[in-house]
Amino acid sequence: MKNTIRNLSKKDDLYRVITETVPDMITVWDMRLRLIYANPSVEHLLGYTEAELMSVFDNTGRSGLERIIAPGSLDAFLAETGQWMKECLQRSDAERNVPAEIEMIRKDGSTVWTEIKTSFLTDGNGQQSGFIAIARDISKRKENREVLEKSEERYRNILESIEEGYFELDLAGNFTFFNDALCRMTGYSPAELLGMSNRRYTSPETAQQLSETFRQIHAGGNPAQMNGYEVIRKNGGIRIHDMSASLILDASGNPVGFRGVARDVTEHEQRERQLKESYDNLQHMLEETVRTLAFTVEIRDPYTAGHQRRVAQLADAISREMKLPEVEAIGIRMAALIHDVGKVQIPGEILNKPGPLSINEMDLIKTHPEVGSSILKEIQFPWPIAEIILQHHGRLDGSGYPKGIDEEKMCIGAKILAVADVVEAMVSHRPYRSAMGFDKAIEEISNNKGTLYDSAVVDVCLSLLTEGTFQFE
């Protein structure tokens, strides 16, 4: 008997130590909500000593609770407590032990959010005699949760307000989450789109391309995109989408799906197509203008008929072999087609003179680059044609014409045209001499490479001429 009493005493001491040292506030109440006991942690949580808290609850009922439970939580607490007492016997242990979040009022008037768990106490006859409540400070946790909820709400609002369609897929490619924009883009309702595969709203070819894109994302783990693919809306209409996507990983780093953004670029694609058509039409008109000017020169000078056209062929071949940008190569070809347009003001008898030219006649001939540049400089070409024409008789050492044009001032188009012009002139017949042939032309540009003619241009030209990859038409 003594051992039993001693053991009980030890347990009582242990229980008291635990109760008085745990950081949670422990309170014991009778069935009329009168406070019977409060552990020392009540002072840490609410600022009251046990005695002060007891005095708060000298009176039973609502008045004491109003002093320690915030108005926003009091009615809910009383309703939940009353319901809990009535239905306690009918509820399972799990239902009885569901914690409640209560905002409590501290002694200094500030508030603290707590999580409270309650359990019934029974007397020796098994009757409910009161209950024990354990309250824990969850202010920080609740603050973090509110921050998280606000953040989630902010991102949810962003997702719902953007025009792009946000989506998430499982590894099989079925929609698991998406925003309203994606529904508008496809024409399907959320219920219809959930679980849908891309095979439902694309052609078999497009579905295969999308599947391959997601396969690459899964295999490599890197984001990827697919541009300009067709989407078939619910009403049968065709839209053009761009899509970028990345892998979704779980907490262990294992792939569980994909997330991405889709953009409807139909109107953009249409505008791009229209702009390209307009640009192509404009370029065609400009090219026809150039050809007309070239023809004007050629009908005045039958001996050089086709010269500009053949120079353009060689200049174009050199430009492309040098890997110049497409726009630049086109501009060089256009300039070559009319590089002698300035000869329109030179009398025909000088142009077609069968014998050697006098010094004055030669000086007049040498004016054609400047004249041609003056004729063309007011035309708004998308290429520097006037500049190329002005410089095409320039030489690296400054010995060409007009004077003052040397290597530093010559553009790449003029350097190419200078070589192409000399080669074509030497292999073609002129009124004052017979054709000199390719060997002489090759000798001329080889011997003067780096002094009169640009070395890189000469090397490419020699390669075209000697390897048989180029022939004048």
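1. Two strands pair if DSSP finds at least two bridges between them; strands (E, at least two residues) and helices (H or I, at least four) are DSSP runs, numbered from the N terminus. In this structure, six bridges join E3 to strand E4 (residues 111-122), and the two run antiparallel. The bridge partner of Met104 in E4 is Val112.

2. On the basis of the note: this is a predicted model, in which local features need pLDDT of at least 70 and side-chain atom pairs count only at pLDDT 80 or more, while totals for chains, interfaces and linings use all residues. Residues are numbered from 1 along each chain as its sequence is written, and side-chain values use heavy atoms, with hydrogens and water left out.

3. E3 and E4 belong to an open sheet of five strands, in the order E2-E1-E5-E4-E3, with antiparallel pairing. Strand E2 (35-38) and strand E3 (100-105) are the edge strands, each pairing on one side only.

4. The structure holds 20 salt bridges (a side-chain nitrogen of Lys or Arg within 4 Å of a carboxyl oxygen of Asp or Glu). Glu101 forms one with Lys142, the closest N and O atoms being 3.4 Å apart. This pair links distant parts of the chain: Glu101 is in strand E3 and Lys142 in helix H7 (residues 139-161), 41 residues apart. Glu101 is partly exposed at 30% relative accessible area, whereas Lys142 is buried at 13% (buried is under 20%, exposed over 50%, partly exposed in between, with a 1.4 Å probe and protein chains only).

5. Lys142 also lies over the face of Trp113, 4.2 Å from the ring centre (the criterion is NZ of Lys or CZ of Arg within 6 Å of the ring centre and within 35 degrees of the ring normal).

6. Arg239 and Glu267 form another salt bridge, with the closest N and O atoms 2.9 Å apart. Arg239 lies in strand E9 (residues 238-249) and Glu267 in helix H11 (residues 266-300), so the pair ties together parts 28 residues apart in sequence. Asp316, Arg320, Glu326 and Arg333 are linked in a network of salt bridges.

7. A search of the whole structure finds nine aromatic pairs (rings of Phe, Tyr and Trp, the last by its six-membered ring, with centres within 6.5 Å; planes under 30 degrees apart are stacked, over 60 edge-to-face, the rest tilted). Among them, Phe175 and Phe178 are edge-to-face, at 5.9 Å centre to centre and 80° between the planes. Ring pairs link Phe167, Phe175, Phe178 and Tyr201 into a cluster.
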